[in-house]
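Hello,

Please have a look at it first and then read on.

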Amino acid sequence: MNLHTTGVIIAREYLTRVKKKSFLIITFAAPVLFAAICILPTLIMFLAKDKAKSVAVVDQSGIVMPKLEDNKSYIFKDLSASNPDSLKASFLEREEDILLVISPVDTISRTVAATAYSEKPLSVDASEALSSRISSAVEDYRLNLYNIDGLKEIVEDLKVDVPLSTFTLKESGDEEQTSSEVYMLVSLLLSMVLYMFVTLFSASVMSGVIEEKSSRVVEVLISSVKSTELMFGKILGIAGVALTQFFLWIVLTIVIVAGVSAFVGFDNLFGSSDPAQMTEMMGGMDAMGMGGVDTADIMAASQEGGGEMGAVLSTLKNLNYMEILIAFIIYFILGYLLYASFFAAIGSAVENEADTQQLQIPVTIPMMIGFFISFYAFKAPDSGIVFWGSMIPFTSPIVMLARIPFGVKIWELVVSIVILLLTFIASAWASAKIYKVGILMFGKKSTFKDLWKWLKMK
């Protein structure tokens, strides 16, 4: 293989794609969108506040209405003396947004039934807020039945939620506070981005090969260069495009986030300067099932530099970003080269993309399996299936990246990379043999039998 000729093809593939308007639009638009994703949740939370809802309450139990106090979100009207059926009949003409009907107390089960009526379906927040208040009223009713002074205070005193602070111990004797949730998010993000990149740019190789073959341009190119030079030139040229886009995304995202942070202030951007604001944000997370701990305790702890917020900041600060970046580049390059060689062979065997579906199945399934395994990496990063998923070359690029935030031994990384590299070399050799024959085959729909026959040809 002539390196000079291959270099010319690499430059052609690289410059052709980099100069396209689509490349420039995606390269500069993606960081803006990513930065917006970082900022928008805070903005949306404050902009999505609804106006206070008026709730008409028919409390036939007599225990719920005293617990329903007005606030910024709900204004309660006591209509317990009214007939629920007549209120329902005239509800659409009334001013209230919600009609809440509470049944009499069931003396056997010691609870009530609650029904809410509204013109439009209730939001999740409204349903949970009303349900929570009714449940609290029933709990107080049950406690009062025991007729024990201070029973409610005793029960509240018995409730405890002990937060677990986690630290990692270093060989130097230092200890670092960590947050499993941060490692989970980093793990998922890395595996998803790598899966997207490898899939996207490997498919670009196949599309490029099919385009040249269907337009018969490949016949002119093969008359001047070897088929292997053309294949590897195309693969490496698109790899250069991918790396260029990746680094530009990193730089532009950092610049945008840093610029916005400098303009409005980091604390203001994420709302951390206002404890009450943060408490409200985390309270919203609890309502969606994303909390699980007392937000007041978290805020108190975070003000002292500890607690969950302190663990999150400590984890973000102590992440080995250089190791993650280097690992991402290595596994992206090798994973891309492995799958791009497969896709190049598939592209050479067909004349249009419609014929690639059957041939792609054996290639795409391992990628999907690796992607699914990566979703369990944060739960058990050292489990058997995750470990072997990070060693088997067809899944290792995605799974190993998902394991790295949780700490991977050097020998495991080295073995995984060596196996992946050797597999790529073998796959590239096999794909080159298929490509050499398939690129000049026209007028026949290729099958796996044809690919196997081309592979065995000398």
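How many salt bridges does the count come to? There are eight salt bridges, a salt bridge being a side-chain nitrogen of Lys or Arg within 4 Å of a carboxyl oxygen of Asp or Glu.

Before the details, a word on the source. This is a predicted model, in which local features need pLDDT of at least 70 and side-chain atom pairs count only at pLDDT 80 or more, while totals for chains, interfaces and linings use all residues. Residues are numbered from 1 along each chain as its sequence is written, and side-chain values use heavy atoms, with hydrogens and water left out.

Now the overall picture. The chain has 18 helices and six strands; these are DSSP runs numbered from the N terminus, helices being H or I with at least four residues and strands E with at least two. The chain has 458 residues, and 38% of them count as buried (buried means under 20% relative accessible area, exposed over 50%, partly exposed in between, with a 1.4 Å probe and protein chains only).

Back to the salt bridges. One of them joins E96 and K77, at 3.5 Å from N to O. This pair links distant parts of the chain, with E96 in the loop between α3 and β3 and K77 in strand β2, 19 residues apart. E96 is buried at 9% relative accessibility, whereas K77 is partly exposed at 32%.

Another pairs D382 with R403, whose closest N and O atoms are 3.2 Å apart. Here too distant parts of the chain are linked: D382 sits in the loop between α14 and α15, and R403 in helix α16, 21 residues apart. D382 is exposed, with a relative accessible area of 60%, but R403 is buried at 1%. There is also a network of salt bridges that links K67, D140 and K152.

The structure holds 13 aromatic pairs (rings of Phe, Tyr and Trp, the last by its six-membered ring, with centres within 6.5 Å; planes under 30 degrees apart are stacked, over 60 edge-to-face, and the rest tilted). F332 and Y336 are stacked, at 5.8 Å centre to centre and 25° between the planes. Both lie in helix α13, four residues apart, about one turn of the helix, and both are buried. Ring pairs also join F332 and Y336 with F197, F201 and F328 in a cluster.

Enjoy exploring it!
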